[in-house]
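Let's take a walk through this structure together, moving from the overall picture to individual residues. Have your viewer open and follow along.

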2 protein chains.
Amino acid sequence: MSDQSPADLATRILAADRRALARAITLVESGRSEHRAKATVLLDELAGEGRQALRIGLSGTPGVGKSTFIEAFGMMLTAKGLRVAVLAVDPSSARSGGSILGDKTRMERLSRDPNAFIRPSPSQAHLGGVARRTREAVSLCEAAGFDVVLIETVGVGQSETLVAEMVDLFVLLMAPAGGDELQGVKRGIMEMADLILVNKADGDLKPAAMRTVADYAGALRLLRKRPQDPEGFPKALPVSALEENGLEKAWDEMQTLAEWRRANGHFDSRRAEQARHWFEAEVREGLLARLREDPQIRAKMTELGDAVADGQNAPSAAAATMLELLHG
Amino acid sequence: MSDQSPADLATRILAADRRALARAITLVESGRSEHRAKATVLLDELAGEGRQALRIGLSGTPGVGKSTFIEAFGMMLTAKGLRVAVLAVDPSSARSGGSILGDKTRMERLSRDPNAFIRPSPSQAHLGGVARRTREAVSLCEAAGFDVVLIETVGVGQSETLVAEMVDLFVLLMAPAGGDELQGVKRGIMEMADLILVNKADGDLKPAAMRTVADYAGALRLLRKRPQDPEGFPKALPVSALEENGLEKAWDEMQTLAEWRRANGHFDSRRAEQARHWFEAEVREGLLARLREDPQIRAKMTELGDAVADGQNAPSAAAATMLELLHG
């Protein structure tokens, strides 16, 4: 990894070299500062190329059939000649050692498809680190010429919000449910969704799935129309990943929505807003990291902290002293 | 306010001058930078005096009888010759214009008591601001010689955590409940509590209150013993603010707990830890405030943010450029 220059890696990624892409993702995942410096140069070089994929966020709780859906959906896209990358944001991976996409055998056919690229979630300590790695991996996949980047996340905590802030479309995959369970969907997540797909619309569960679709469609109509949506969106649709039904229709709706947003300026303005958001987040994180990482600053923080802990100084006065030192 | 020097204010606060105390609290609540500078000097001067009150956090949802409890409990303490200050952390005050302690008539007797000082929650936009103001107001009350500082908060969101990080004892005031409702108490809040007081143990509600006490006592026994607790703590007790029953017992338990913690080093070590925590929080907040407030830095953030939004630069590369400028 360290024997390749960023310029060399960039050239190979732009030529759709899968091994170079995998190496570059390992580089952005690294916590070592020389790797970070290299990753920064690489990403900046690739940014200028302006290659774009359709970025789709996919959220769903365990048991909803996410892997089966991604495999079937991904195979349908590659059959159309599209190149598909699948990434994962799994905030639990640091604890569990990677519960989603840790095992490519869950998507056996797709992982063998030459037009697909599957990358498991790395084991990183904090959600912020996972977010940066995923966002940067998306950029690398775009530079490598993928047409669609799917970002999978589990429906817990803040991971959906993070994913929604790095995608063009956000899809919620749900299971068929009784009328009561509908209320269990957090309003915030409903408001993020561009498309709600109710999976398992097959066999015995089909009637329940159709009722659930109708329930979600009704709930979505209660939400205020967003400026970034054409008439009729967000939508709820039935799919069967198992029987590969409804996948074409779902893809059509995604394309309709993306095209409308492109034509109406929402697509580019959202990407611009997201990029600015991540830039600002990185500056904030970098400022705070200096407190933890610079040995001289840490020593001064400890010294002033001791005086505050002893009651010699007020927290605000010691903080003012520290800020003066930091700001120069 | 601006015509008094911090040294003059400090002298008057140390002499228990209530008007000077009220002015100083207004000073720490101010958002103006010259007021902040003055407040910092004042607090640092008073820190060296080392005066301490017993800081008690009191949390309870609306309807639990918090005002009635504080009035009865406060009057009992002043009758013992103790001086009592009451402050409030109300994160909703920015929206509602102050729903708790906005009206001193809720504690009519206590507010007329010369040994009591009641200060309503200020209307500030963010919880961080309310936290700093409250923490600094506590220090001012301690310097003014109060024996007990009660910090009231409503049982919503993160306000309990903030209050727990600035007090010596944390008391949860609850209403009598059916067995089912018990589970509604968030585990995190149970774990913060040193004492659970079940109010309204009077009249028709008395049997329900006693059952609720037993339920909470059982639940508390399930939690792992904390190093800062003697045997038997945390405890659940019945009180009636209306009939002024159980208040002496509650105060005895608070004193027992505080004395045990003092004797075993937990009291001072917790205060030291809290002071260090607030110092570090202020440094972090100060670093981030510079991004928002310094006009030159804001201009550069906008310029780099524009380049990122246009896709000319990667967020991480632009952030690295900005951090280099900031760190000099």
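Of the contacts in chain A with a separation of 6 or more, what percentage is accounted for by residues 24 or more positions apart? The figure is 74%. Please keep in mind that this is a predicted model. Chain A contains 14 helices and seven strands, and buried residues make up 53% of its 328 residues.

Helix α11(A) covers residues 247-263, and at 1.5 Å a residue its 17 residues should span 24 Å; the end C-alpha atoms are 24 Å apart, which agrees. Its buried residues are L247(A), A250(A), W251(A), E253(A), M254(A), L257(A), A258(A) and R261(A). Viewed down the axis of α11(A), these buried residues fall within an arc of 160°, so they line one face of the helix. After α11(A) comes G265(A), with a positive phi near 80°.

Helix α13(A), residues 295-309, passes a similar check: its 15 residues should span 21 Å at 1.5 Å a residue, and the end C-alpha atoms are 20 Å apart, which agrees. Buried here are I297(A), M301(A), L304(A), G305(A), A307(A), V308(A) and A309(A). What covers them? The cover includes α12 and α14 of chain A, together with α12 of chain B.

That brings us to the interface. Here 43 residues of chain B are in contact with 43 residues of chain A. The area buried between the two chains is about 3,500 Å², and carbon and sulfur atoms give 71% of it. How many salt bridges are counted between chain B and chain A? There are two. The side chains of R276(A) and D306(B) meet in a salt bridge, with 2.7 Å from N to O.

R290(B), in helix α12 (residues 266-293) of chain B, is worth a stop too. R290(B) is buried yet has no salt bridge. Beyond its neighbours within four places in sequence, R290(B) is in contact with H327(A), I297(B) and L326(B).

As a general point, side chains of opposite charge can pair when their charged atoms come close. Over all chains, a search of the whole structure finds 48 salt bridges. One pair is R119(A) with E29(A), whose closest N and O atoms are 3.2 Å apart. This pair links distant parts of the chain, 90 residues apart: R119(A) is in the loop between β3 and α7 of chain A, and E29(A) is in helix α2. Both R119(A) and E29(A) are buried.

In chain B, R271(B) forms a salt bridge with D168(B), the closest N and O atoms being 2.7 Å apart. Here again distant parts of the chain are linked, since R271(B) sits in helix α12 while D168(B) is in the loop between α8 and β5, 103 residues apart. Both of these residues are buried.

K300(B) and E303(B) also meet in a salt bridge, at 3.2 Å from N to O. Being three residues apart in helix α13 of chain B, they are separated by about one helical turn. K300(B) counts as partly exposed at 25% relative accessibility, and E303(B) counts as partly exposed at 47%. Over in chain A, salt bridges that share partners join R55(A), E142(A), D168(A) and R271(A) into one network.

Finally, let's turn to the backbone. In general, most residues other than glycine have a negative phi, and most peptide bonds are trans. In chain A, the peptide bond from F233(A) to P234(A) is cis, with omega near -5°, and P234(A) lies in the loop between α10 and β7. In chain B, a cis peptide bond joins F233(B) and P234(B), with omega about -10°.

Which phi does A16(B) have, positive or negative? Its phi is positive, about 65°, although A16(B) is not a glycine. A16(B) is found in the loop between α1 and α2 of chain B and, at 31% relative accessibility, counts as partly exposed. E244(B), also not a glycine, has a positive phi of about 55°. E244(B) lies in the loop between β7 and α11 of chain B and counts as partly exposed at 45% relative accessibility.

Note on methods
Residues numbered from 1 in each chain as written. Chains lettered and ligands numbered in written order. Predicted model: local features only at pLDDT ≥ 70, side-chain atom pairs only at ≥ 80, totals over all residues. Heavy atoms only, no water. Helix = DSSP H or I, 4+ residues; strand = E, 2+ residues; numbered from the N terminus. Buried < 20%, exposed > 50% of the residue type's maximum accessible area, 1.4 Å probe, protein only. Lys, Arg positive; Asp, Glu negative; His and termini not counted. Salt bridge = Lys/Arg side-chain N within 4 Å of Asp/Glu carboxyl O. Contact = heavy atoms within 4.5 Å. Expected span 1.5 Å × (residues − 1). Arc of directions from axis to C-beta. Buried area = accessible area lost by both parts, 1.4 Å probe.
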